[in-house]
Structure formats: C-alpha cells, structure tokens
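Thanks for coming. I have one model to go through today, so please look at the screen.

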Amino acid sequence: MIDYYLIRPLLAGLLLLSAMSLQAGPKIESWFTGNGARVMFVHAPELPMVDIELVFDAGAARDGEAGGLALLTNALLSDGAGEWDADQIAERLEGVGAEIDSGAGRDMAWLSVRTLTEPGPLAKAVETLAGIAGTPRFRQADFERNRKAMLVSLSQGKQSPSTVAAKAFFKALYGDHPYAGYRGGTSESLAAISTGEVRAFYQRYYVARNAVVAIIGAVDRHRAEQLAEQVTAQLSPGEHTQPPPVVDSLKSAQEVVLSFPSSQTHILMGQPGVYRGDPDYFPLYVGNHILGGSGLVSLLNEEIREKRGLSYSTYSYFSPMRRRGPFIIGAQTQNARSGETLKVVRETLQRYIDKGPDEAELQAAKQNITGGFPLRIAGNSKIMGYLAVLGFYDQPLDYLDTFVDRVNRVTREQIRDAFARRVDPARFVTVVVGNGEKAQSDH
C-alpha cells in the first residue's frame, strides 16, 4: 500500500517542475507553404490527435459598406464544397470522429478541424478541410438560409441590453473606422448583399498569402509540412491584405444614453487602447489586472461591489487588435444607481491614474498572472489559440517563453507612466443602456 503522506512532497516537487516547464512555453516552429501561407507548428505527442486551423485576414473589418459580409461568407464555407453538400460534409467528419469549427471576428476569420492521427481519419479530415477552404459552393439556397439566420440573430440582439450597449459603444468609439461595424451587419446591409459579393469577398481574402496555418498535435515536423501543403493546396496564392487604417485618438468625451426596458442599466466606457505588439502592452496589461482585470479582488470591484453594493461585478480590459483595440470598463447596476456607479468608476480610475498601484498590489498581480500562466497553455486547444494569434499578428516565436519574465519585469513606475499617457478619462466614450428616465435623471 502506498503511503500518500510519504510521497506527497515528491508529487509536489513534480508538479512544480511541470509548472516551470509549462511556463517556458511550447517550442514553436514556423515556415511558409509553397503558395505563401505562414505555418505555425507545435509538436505535442501526448495524445493521438492533431488540431489544424486556417486563419485568414478576412474579418468584419473587411466588410466595407456590406456589413455582415465576412461572417456570412465564413458561415457558407461549410455548407457545401466541391462535390459535397452540408450533410455530406457533416457525415464525412462524424464518420471519423473529427470536429470542425469556423467563425469571424473583426480582424480574422477561421476554419479548424480536430481529428485523430490515425491515417484513415486524418486523411479524410484534412481532405474535407482543404475542400471547404478551397472549393466552397456558395449556393443560393444556402445563402438565403444563412442570411435569414443572421437576420433572426439581429432581431434577438435588439432584446439584449448588453448587445445594444456593445454596438453603440463600438460605433461611438470608432466612428468611420472599419472596427466600428457590428460583425453581424444590419438588416439593411444583409438585404443588399448578393452571392456575387460573397464570391468576390472569398476570392479576395481567402488566399494563401492572406492565411496562417496553425498545427498542434502528435505529428512530426515532416508530417506537419505535408498537412500544411494539403490544406492550402486549393487556395490561390493571392496577396496579403493591407492593414486597416490607423485608429485615431478621441478628441473629446462622448456620452450615449439609450432607453431600454430592463431592471439593470448596462454601462460601457473606454477609448482606443493597444494594438498587438504595442510597446506599452505589458505595463498596461499588468496594471489593468489590478484595476479591473482580476475579478473580485480588483480595485473597481472593491469600490463598486464590496464597499457600496452598486454592481454584482465590474471589470476592465484591453483588447489588442491589428490596430488599436478598445480599452473597456463595464458594469451593470440598478437603473436608479447608474449615476452613482459612473461617479465611483470615474473617481477610482482617476485615482489609479494619478497614484498607480502600491507595491503589494503589484506583487499580488504578478503572482496571480504568472501563477495561472501554466493553465493558460495547458492543453492543445489553448496553445492553438496562441499559435493562431501569434502567427496572424506576426508576433515573436518566443512570446510564450518570455511572457512570465516580461510580466515580472513590470514596475510601478512603468504602470503609472503608461496609464498617464495612454488612458484619458476626459476623452472617454460612455454608453448607458437601461431604464431611460431613471438612468438619465441620476447622472
């Protein structure tokens, strides 16, 4: 019989070594396919599975005047490709236990598959993914069905105060910039889109030089090279898309108050924040962890929830994108207390900008971030997310290796300096969505 109390110190030591090795990050390799797609690869032999993701610079920022075009195009890819209709695609994947996923955000759109590495299932899954990416049908019936589903989603979104607030926030924050639009479009923009526009969008953006292939699993480098060539073989080389326009700083504050029949008022406030690779990212990231990014122990939550009971939760975060993504502070509160909540948020933020964190807060934040880091890269699906982002935004291959060290090097002075330069409450967009009369009369 094994004495657990005798081996517990050994187990603790092994777990510590495991955490330390995870903090070092997985080994990332990168190269280009013959037709120009960038490949990001991690060898992970622990499970007989492989994940493959195709990421395209084909997000909603490329919609132009046709709001919803990127999302609609992406949704149609798996509804028919080559000789297969949607049911046949589903049967092919289900027959080998493979799973497919797709989607589109503001910057990127993606297609992915998870499959076993056994030769038969792997071959069928890769063939299917390559066909979906390279030979979509875009049939009129599928087009109409997906457009109808998107219209239904838009209608449902009008019943959600959080969705209404988010749409208004991005519109006010980005104005005429491509980031301003809602990825689901509008009923007017969807009605105007044609299958010809979908085909043109696909031909422009779903090309190899506009793509990143992320691979992680129990395959070696040679096999990964073969897989990358296979899944991109039917893509035209094309050209890499130019970045969206630079995001300008806001010139003045703007407040948007929208009446909504809800018992809670939804508040969003913020400004353009950071981009991927921003030199201020780590001071702002660590600093925001203290301000509102660490859940119940953050300063905002302490002031708003714990001391005053104004909101069940409040939060803040930086969302870096190709260009400056938003810095957002959010809260939900009773309609009658929205003004008080806004006042406390503004006071807490200004005090933090003026004084910065104290040493105890900084050390606690570093320990929380670095202590949780192993769990953030524990598992192929989590590493896949990093691979796709690092490749898409052309970040250094050692990003995960250096993450913990870069967090630990952040100082109080760097945080205070970065917040003073980059966060200006006097030019914030503030969106308040709730019971209109009570919300407006209270602030």
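By class, how many residues in the lining of the largest pocket are nonpolar, how many polar and how many charged? The lining has 21 nonpolar, eight polar and seven charged residues. Here Ala, Val, Leu, Ile, Met, Phe, Trp, Tyr, Cys and Pro count as nonpolar, Asp, Glu, Lys and Arg as charged, and the others, Gly among them, as polar.

Some bookkeeping before I go on. This is a predicted model, where local features need pLDDT of at least 70 and side-chain atom pairs count only at pLDDT 80 or more, while totals for chains, interfaces and linings use all residues. Residues are numbered from 1 along each chain as its sequence is written, and side-chain values use heavy atoms, with hydrogens and water left out.

Back to the largest pocket, with a volume of about 860 Å³. Of its 36 lining residues, R276, Y281, F318, S319 and P320 are the closest to the centre. A pocket is an open set of points on a 1 Å grid over the protein atoms alone, where a 1.4 Å probe fits, with protein on both sides within 12 Å along at least five of seven lines; lining residues have an atom within 4 Å of a point. Points are joined across faces, edges and corners, and the volume is the space filled by probe spheres set on them.

Helix α10 (281–293) is among the elements that give two or more residues to this lining, and α10 gives the most, with seven. Helices (H or I, at least four residues) and strands (E, at least two) are DSSP runs, numbered from the N terminus.

The second largest pocket has a volume of about 740 Å³. Of the 30 residues lining this one, the closest to its centre are A180, G181, Y182, G185 and T186. Helix α6 gives the most to that lining, with seven residues. By class, the count is nine nonpolar, 12 polar and nine charged.

Now the sheet. Six strands form an open sheet in the order β1-β2-β8-β3-β7-β6, with mixed pairing; two strands pair if DSSP finds at least two bridges between them. The edge strands, each pairing on one side only, are β1 (29–32) and β6 (99–104). Inside the sheet, β3 (49–56) and β7 (109–116) pair in the antiparallel sense over eight bridges, and I52 stands opposite V113 in β7.

Last, helix α2 (residues 69–77) lies across β6 and β7, contact meaning heavy atoms within 4.5 Å.

Notes: Axes fitted to C-alpha atoms, helices over the stretch in contact; angles between N-to-C directions.
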